[in-house]
Amino acid sequence: MSLLRAQRIHKSYTTGTPVLLDVSFALEKGQCLGLVGESGCGKSTLARCLLGIEHIDDGSLLFEGVPIHGLSERRLRPYRKHIQAVLQNPSAALNPKLTIKDSLLDPYLQFGDQVRLRHFQYANRHDFARQLLEAVELPAALADRYPHELSGGQKQRATIARAISIEPSVIILDEPTASLDVLSQAAVLGLLDRLREQLGIAYLFISHDLAAVHAMSQAIMVMQDGAIVDHFRKEELFDSERHPYTQELVAMFE
Amino acid sequence: MELALAGNTSTLRKRLRTAALLFMLAWPAAAAVYAFLVLNYDPSLVSLADRLLPPSFAHPLGTDHLGRDVLTRLLLGARQTVGYGLLALIAAVAIGVPLGIWAGFKGGLADRILMRIADAFLSFPDTIVAIVLTGLLGAGLENLLLAILVVKWVSYARLARSTVLTERGKDYVLMARINGLRPGRIMSKHLFPHLIGHVLVLASLDVGKIILLISSLSYIGLGAQPPAPEWGAMLNEARPYFQAQPSLMVYPGLMIVFVVLLMGLLGDYWRDKFDVRKEVRP
Amino acid sequence: MSLLTVNRLSIAGPRQPIVHELSFDIRAGEWFAVVGQSGSGKSVAASAIGQLLPSNLKATGEIRYDGRNLLALSPADMRRIRGRQIAYIFQDYQGAFTPFHTIGRHFDDVQRLHLSLSKDERRQQAESSLVFVGLSEEVYDRYPSQLSGGQLQRAAIAIALLPKPDLLIADEPTTALDSVSSFRVLELLSRLQKESGCAILFITHDWRHVRKYADRIAVMKDGRIVEAGDAQEVLHRPRHPYTELLIQSSPSLSRFNRLSSSEVTS
């Protein structure tokens with residue numbers, strides 16, 4: 001059984017043009033599935049639908065075989081401990097008025113008593129925060145700092161620490177490196193790759209950067225105008241039967 | 001250069017402000033100690049033999065037209081004016097802020113209804129509403145406080161709502177949802193901290209206004225009733241004796257000015273204190 | 001032949017120097033790329049060429065163009081060169097357009113300043129250059145807010161190239177765009193360069209935008225050029241460790257592939 005399965009998802013906004021068109025895919029345990037597309041192609045909308053922030057018009061979303069689409073916020077809450085997210089802009093994703101530690105512990109304070117952590121063993125909250133920061137290669141002293149005192153790359157590491165804190169089964173990575181400079185981009189991608197190996201978390205890695213997606217993922221989907229036009233294993237990227245749009249992307253990134 | 005200079009000026013301003021704050025706090029504190037140690041008068045004790053006395057050791061600020069000790073009445077008046085003013089304010093904040101956060105966060109019908117009520121209240125000047133309400137309910141400090149509460153909660157509700165409206169669309173609120181936080185927890189943990197600074201600034205400015213309102217309504221006889229030692233009422237009582245003993249009006253007037261200024265400075269101080277970014281220098 | 005020569009250019013801010021004795025030259029018709037992280041001083045150096053520095057920054061040294069030192073020119077003389085012979089496009093394409101003027105009006109402003117054409121000729125020229133950069137003629141009557149980032153940057157390029165400049169200074173023109181739009185803009189620039197023969201000074205932090213197009217490369221770090229030379233030479237045999245780090249950090253399909261697979265196995 002797939003961890004997360006989308007079946008024929010449709011979504012359109014009131015203007016009528018479809019944002020998501022017959023989107024289907026399956027994410028397996030511990031896998032990194034890449035999703036590439038230009039800005040405006042609907043990939044972020046898909047992320048929001050998977051996270052239950054927006055509702056889908058048609059189709060179904062299954063988590064371990066259980067439908068989770070169309071659930072109320074309250075009914076969806078138990079699933080949130082399994083599906084976490086890292087968003088594009090880390091400065092916006094951390095509350096400027098809270099210390100890093102306070103932001104970091106949000107999911108744990110909510111779900112700590114419902115999950116059994118395999119990776120982290122800790123004496124108290126502060127110790128836990130320290131371990132989380134170490135897991136994302138940040139100095140433990142940052143726990144009591146405020147977001148504005150951190151660089152962009154450090155902030156993104158902190159949001160990654162928050163996402164892995166309850167050892168979810170899936171993390172939706174929505175352009176996690178797009179707002180970082182080149183050196184931090186490479187470092188954060190490397191970190192995400194190692195964390196997936198260590199913790200066995202599956203990723204849906206959404207990006208406009210085919211090279212990054214190719215480096216991170218075992219399977220890749222290409223999205224154009226709300227539809228998935230191509231879906232293949234990493235090794236098949238350079239095959240001649242790829243969709244013309246995929247080939248166009250490949251040419252750009254060579 | 002420019003930056004360094006700006007830094008120095010703001011430090012200087014901060015030092016001056018701290019000095020002023022300390023001075024203004026020290027002054028009533030010293031007076032209170034003095035009152036506790038030296039004075040032991042009943043503020044309402046009428047003693048016609050001692051009326052309109054000039055300052056002396058027994059009566060440091062003299063006596064009023066009924067022979068009551070002015071310093072005693074001024075200090076007790078602080079409790080009436082400032083104490084009740086703060087009480088009304090705290091009640092207004094306690095009602096307005098949660099309502100505002102809730103309306104801003106939920107949106108929809110509840111929000112629209114609340115904001116129409118707020119608009120209705122805001123379309124009349126505070127003073128008018130307070131006068132009308134105390135007129136209807138009957139003169140007296142309690143009713144005046146009720147009127148102030150009715151007038152003031154609206155601005156806190158609006159402030160809280162507008163702050164929540166700008167914040168709730170940001171990614172960190174979305175992340176809080178994704179992290180499984182319940183709406184109540186999102187409001188208290190993530191949104192409330194954004195309000196504290198704004199609310200304290202507005203509140204410390206409002207204390208001044210409320211004190212003025214209590215004093216002015218007491219002055220025209222709608223608030224505290226004689227013989228209560230309230231500053232506005234004291235001003236009113238001293239009015240006929242302005243020629244003979246001008247200091248009777250000067251003292252309560254100065255008290256009002258001092259407290260209003262003090263609250264303004266406090267507002268300034270709080271605004272800086274709750275801005276966590278204050279230490280960032282580009 | 002060298003078109004523009006920068007000789008010991010230093011730029012100092014109010015508190016500390018930003019650029020230290022920079023020297024390089026740009027040859028006619030070449031694509032010269034300056035690569036560096038944010039804060040390396042690359043954008044500041046590019047602004048100095050057109051006297052576009054903020055007033056609190058001071059430039060010393062020499063920038064020779066057409067027999068004259070650009071740093072010593074009067075603002076009026078500079079205005080005659082800037083826009084006509086040396087054109088700019090910026091990262092902030094939104095800031096480059098006035099939101100309440102149509103795209104056509106922006107064309108018109110430049111055309112009236114630098115070219116003498118009739119009203120109809122101006123419109124015709126603008127529309128054909130819009131088509132030339134892959135936009136439709138209708139864009140002429142649109143407002144900036146009605147276009148996407150990639151479209152606006154194309155329009156900015158079309159406007160910049162109208163007076164047929166010798167040198168186009170492109171200051172991170174693709175940074176604010178997603179990578180697909182970036183590559184399209186880069187392709188466009190490369191095509192226009194070949195057709196018009198104008199030199200491009202390309203400022204970027206992204207190695208990938210350099211790899212395919214640049215003829216020569218300078219790598220900047222902390223206000224200094226740490227390595228400069230022929231593009232293929234720098235790319236394949238970087239001498240400075242910082243250059244190597246930058247190359248390693250920018251994923252291209254083939255390279256990053258190798259990098260991550262080695263990480264997985266180790």
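**Before you start**

Residues count from 1 along each chain as its sequence is written, and chains are lettered from A, ligands numbered from 1, in the order in which they are written. Local features need pLDDT of at least 70 and side-chain atom pairs 80 or more, while totals for chains, interfaces and linings use all residues; side-chain values use heavy atoms, leaving out hydrogens and water.

The model scores ipTM 0.91 and pTM 0.80. Colour by pLDDT, the predictor's confidence in each residue, from 0 to 100.

**Stop 1: chain B**

Select chain B. It has nine helices and zero strands. Helices (H or I, at least four residues) and strands (E, at least two) are DSSP runs, numbered from the N terminus.

Of the 282 residues in chain B, 43% are buried. Buried means under 20% relative accessible area, exposed over 50%, and partly exposed in between (1.4 Å probe, protein chains only). Now show contacts, meaning heavy atoms within 4.5 Å. Among those in chain B between residues at least 6 apart in sequence, 69% join residues at least 24 apart.

Mean pLDDT for chain B is 82, with 88% of its residues at 70 or more. Select helix H6 (residues 171-178) of chain B: confidence in this chain is highest here, at 94. Then select helix H1 (residues 2-37) of chain B, where confidence is lowest, at a mean of 63. Residues 1-7 of chain B stay under 50, with four contacts beyond four places in sequence. At residues 278-282 of chain B the pLDDT is also below 50, and the stretch has five contacts beyond near neighbours in sequence. Where pLDDT is low, the predicted coordinates should not be read in detail.

**Stop 2: where B meets A**

Show chains A and B together. Here 20 residues of chain B are in contact with 28 residues of chain A. The two chains bury about 2400 Å² between them, 55% of it on carbon and sulfur atoms. Buried area is the accessible area (1.4 Å probe) that two parts lose on being put together, summed over both.

Two salt bridges are counted between chain B and chain A. A salt bridge is a side-chain nitrogen of Lys or Arg within 4 Å of a carboxyl oxygen of Asp or Glu. Zoom in on B:Lys189 and A:Asp106: they form a salt bridge, with the closest N and O atoms 2.7 Å apart.

**Stop 3: chain A**

Select residues 4-250 of chain A. UniProt (unreviewed entry) annotates them as "domain: ABC transporter". UniProt positions are given in the numbering used here, feature names are shortened, and annotations may be inferred rather than shown by experiment. This span is 35% helix and 24% strand, and its end C-alpha atoms are 28 Å apart.

Next, pick A:Glu64, in the loop between strand E4 (58-63) and strand E5 (66-67) of chain A. Its phi is near 45 degrees, a positive value in a residue other than glycine. Most residues other than glycine have a negative phi. A:Glu64 is partly exposed, with a relative accessible area of 40%.

**Stop 4: where A meets C**

Bring in chain C. Now 29 residues of chain A are in contact with 22 residues of chain C. Chains A and C bury about 2300 Å² between them, 62% of it on carbon and sulfur atoms. On the chain A side, A:Val182, A:Leu183 and A:Met252 lose the most area to chain C, together 28% of what that side buries.

The count between chain A and chain C is two salt bridges. In one of these contacts, the side chains of A:Glu248 and C:Arg184 meet at 2.9 Å, N to O.

**Stop 5**

Select residues 4-247 of chain C, which UniProt (unreviewed entry) marks as "domain: ABC transporter". The span is 36% helix and 26% strand, with end C-alpha atoms 27 Å apart.

Which residues touch the most other members of the largest nonpolar core? Select A:Ile164, A:Tyr203, C:Trp31, C:Phe107, C:Leu168, C:Trp207 and C:Ile217, out of 104 residues. Helix H5 (residues 149-161) of chain C gives the most to this core, with eight residues. A nonpolar core is a set of buried Ala, Val, Leu, Ile, Met, Phe, Trp, Tyr and Cys residues joined through side-chain atoms within 4.5 Å. Another core, of 58 residues, lies apart from it and includes B:Ala160, B:Leu181, B:Leu222 and B:Met234.
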